[in-house]
Amino acid sequence: MTQPNRLASGGRVDRERPLSFTFNGKRYTGYAGDTLASALIANGVSVIGRSFKLHRPRGIVGAGAEEPNAIMQVGSGATVRPDQRATQVELYEGLEASTVSSLWFDLMGLNNTFSGMLPAGFYYKTFMWPKNYWPYFERQIRKAAGLGHSPTQPDPSRYDKMHAHCDVLVVGGGPAGLAAALVAGRAGARVMLVDEQAEFGGSLLSASETINGRPAPEWVAETVAELESIPDVRVLKRATAFGHYDHNFVGLVEDCSDYAGGSSDDNALRHRYWRVRAAQVVHATGSLERPLVFANNDRPGVMMASAVSTYVNRYGVAPGKRAVVFTNNDSAYQTALDLYAANIEVAAVVDVRAKPRGELAQRVRAAGVPIYGGHVVANVRGARRVKRAEVQRLSGEQLTGDRVLIDCDLVANSGGWSPSVHLHCHTGALPVWDDETASFLPPASTEDRRSAGAVTGVNTLRDCLDQGISSGGEAATAAGFKPGTAPDLRVEAAPAEMPIQPFWLVPKGQPMSRGPKQFVDFQNDTSASDIVLAAREGYESIQHVKRYTALGFGTDQGKLGNINGMAILARTLGQSIPETGTTTFRPAYTPVSFGAMAGREMGELYDPIRKTAMHEWHVVHGALFENVGQWKRPWYFPKDGETMQESLDRECLATREHVGVLDSSTLGKIEVHGPDANEFLDMIYTGGRRKMKSGTCRYGLMLHEDGMIFDDGVTAKLGENHYLLTTTSGGAAGVLRWLEQWHQTEWPHMDVFFTSVTDQWATVAVNGPDSRKVVEAICDDIDLSREAFPFMAFREGTVAGVSARIFRISFTGELAFEINVDANYGRHVWDAIMAAGEPYGITAYGTETMHILRAEKGFIVAGQDTDGTMTPMDMGMNWAIGKKKIDFIGKRSLERSDIVRTDRKQFVGLLPTDPKAVLPEGAQLVSRNARLDEPTFESPVPMEGHVSSSYYSAALGRSIALALVKGGHGRHGEVIRSPQPDGSIIEAEITGTVFYDQEGARQNV
């Protein structure tokens, strides 16, 4: 198939490699090196989509990330990519592209006919009634918008994340960026050079300029080759820097296979998310040409002048056969010369400036192209493609004289250049208005970031290269290196230019709301009249106007339209552009796929499963598991024919009467050491730590600043300045963060270190009257007698031939030994304990039995019996607060008047009147006097509290519960009620929290 708009020669495409692709089901051909946009232009496709609100036919406007119209569905099935810019999609064999809306018949095109009834904000005014219809309206509005469809099948591709550190990160691979990376790389710095395009070179790829007497692309190739040869330099193409965050943290997304069509292979890497921390950042992000605002400026065939040059010079395609160039600056004259050199007729150059006399303008005149100075393109005619331009003289703010009609199918327009300051502004810095360039420039350089090239407002190759060289050297020096050798670069002198004449809106000669639309934001169908209307309706802040009109919304982030929109608002309000200000640029600079953000953290890897060293033993012995944090913990071990309750009864009684064993490896374990460990932990815990003796253990509470219980656990003093902290299984990571936070933010002067060792130690808890006999059978170098090894002490020795720490800690209220060994020997020690316990009927038990046993003793589980509103006094744990402690986290909050109220919820025990009735956990409690059988004045019935833990106790032969009840400590003996969903009521007596062995004798034997 022929390509009617492909030039006979030229461009950087590989004409020896034709590629076949389809667009809306029709087959076309292009070449390797094309983008989807350039291939469509080559094949004469003018209309590539419909607009957001009015569904007007739209064509390609730009050549890169700024493209607002050519938004496509690319691919099919599981690997389909919605909302892709055709200007950034590299052509590959078999590419499938389609539009969401029909290009030839779109019923929603009626919106354009009635556009006068659909001004800015009409959504807010039209769909307010009836209220309950809004969900329906919203669905229809979203459908009408023509946005892409997400894939409905699982994505087979793989996504990666990478963390990288470098001395100098250069964002942008144009002339300034290449020069900066080269100088920094020669200095010996670790350099990363990233660019979003498939080739480095930026504007040089579509320019006719020379460096050192040779075509600029040759210098680009040599520079990239040298950079790739330097060991500490990494160059990444197809990598977009989408966000610049605090402390020079920059997010990049690298396209690893989309550019070649991806793959259905499960191992295909699609996108890689780079998390880069840079000592120095050089922004060489270039600038974007902005359009001029005139009637029907959205017609297919109206394009940015620089984009026209790019398609002609880089891709070898003709965007039109007869062109009009409309400009207010000299850069568009180069486009006229590029078209002329490609044998494309230039009908005229229309210049807002009265007497254009720059060197480029003289060359255009010499080529015989008429120049209309002091004129504007007031309107273009044509339905699905530009057919002619209406040119009229400009006098001040008015159009005068007769309109001149010029036949053409292409209008290449340029309203000046807007530096790409998006990344600069992501950290909160504000751009600075510059009258000379009529643009916002990036904020001043800082100690760790600087700008180079066109983004600073310069427009000559010499200036871009010089800024790149100086910025690269400064960045390397700031990173601690001596400047590298600067390249000796000779370039042609830039042609003399006339200054730009800022021009924001072609006057209509009639009321703004009448006549053809003048579009400011193509992607969101925001017109100049919308902005004027917003100001008239009281929206004077640019941020409010943005939200009312959708100016700068969407995937293009206002790259083309924002400056024009701000200027039109400023003129309407009678103020300057700096006074009007800018909208806020936020990440991402261009859209980022969810896959890139997720990386491999999806499916089974979304929340990793952690297993203890004894996990396989539990599986073999029929354990049912529950998730605790990320851990798989045995819930209980049912035997054949047992119900759950029967299994729990068996496990509980075996532990109370003989010996039970629990895999406690998931318990959070944190080692704290350093000269200031004593002082630090004294501030963390409510109880004292300074006077602890080595070889002893102490239970303690951690509080938040508000005095509420955060976590609990046992602290063992391993040495003079060395502790082992235990935490709840699910709270280990949070406690470690808590310790690090206080150390780094409040007490950085303390010499103390924290190390998570949860995974390094396997823990086996042996509980019950026969536990000492079991441990003695496999441990012969520790005296386990009560006198030598008392409760709340620990010893180090050997268990089953393995070095171990043994703690006399009990979460069951029974004689207990917690054995910690290297996790690699956990299964070995577990097997030895099970073998040694056989004569005593040793029984493995799970977390549910553990909870029953601890509830019988009234031991709390932080996060279950506490809910973030409970203080130690509420829990009846005043004894855990050091009486002589001067300070600890949360101490002052415990003295607040609200904290010492007697009617706060307090921790109590409950004994149901019916000993077989087990209260549901979370059940609400009401006063016995509350009338539940008839309407009352108080509705709903006041709640007195709720049940936090509830079980059937085989040892007690009845049900028990723990609860939080208002004023509960003073209500022992009172009966309280719990209404159930089936209408029944369970009554229970409020008691103390200890139901079993209230004296605590069993754990001290």
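Axes here are lines fitted to C-alpha atoms, for helices over the stretch in contact, with angles running from 0 to 180 degrees between N-to-C directions. The model is predicted, so to speak of local features takes pLDDT of at least 70 and side-chain atom pairs count only at pLDDT 80 or more, while totals for chains, interfaces and linings use all residues. Residues are numbered from 1 along each chain as its sequence is written, and side-chain values use heavy atoms, without hydrogens and water.

**View 1. Helix α21 against helix α22.** The axes of α21 (residues 771–778) and α22 (residues 826–837) come within 9 Å and cross at roughly 120°; helices are DSSP runs of H or I, at least four residues, and strands are runs of E, at least two, numbered from the N terminus. On the α21 side, V774, A777 and I778 meet A832, I833, A836 and G837 of α22 (contact: heavy atoms within 4.5 Å). That contact splits into six nonpolar, one polar and no charged residues (Ala, Val, Leu, Ile, Met, Phe, Trp, Tyr, Cys and Pro are nonpolar; Asp, Glu, Lys and Arg charged; the others, Gly among them, polar).

**View 2. The largest cavity.** This one holds about 160 Å³ of space (a cavity is a set of points on a 1 Å grid over the protein atoms alone where a 1.4 Å probe fits but cannot get out; lining residues have an atom within 4 Å of a point; volume is the space filled by probe spheres set on the points, which are joined across faces, edges and corners). Of its 18 lining residues, S418, P419, H422, I563 and F585 lie nearest the centre. Helix α14 gives the most, three residues.

**View 3. The second largest cavity.** Its volume is about 80 Å³. Lining residues include K669, F807 and E818.

Key. 1 Å grid on protein atoms, 1.4 Å probe; cavity = no way out; pocket = protein on both sides within 12 Å on 5 of 7 lines; lining within 4 Å.
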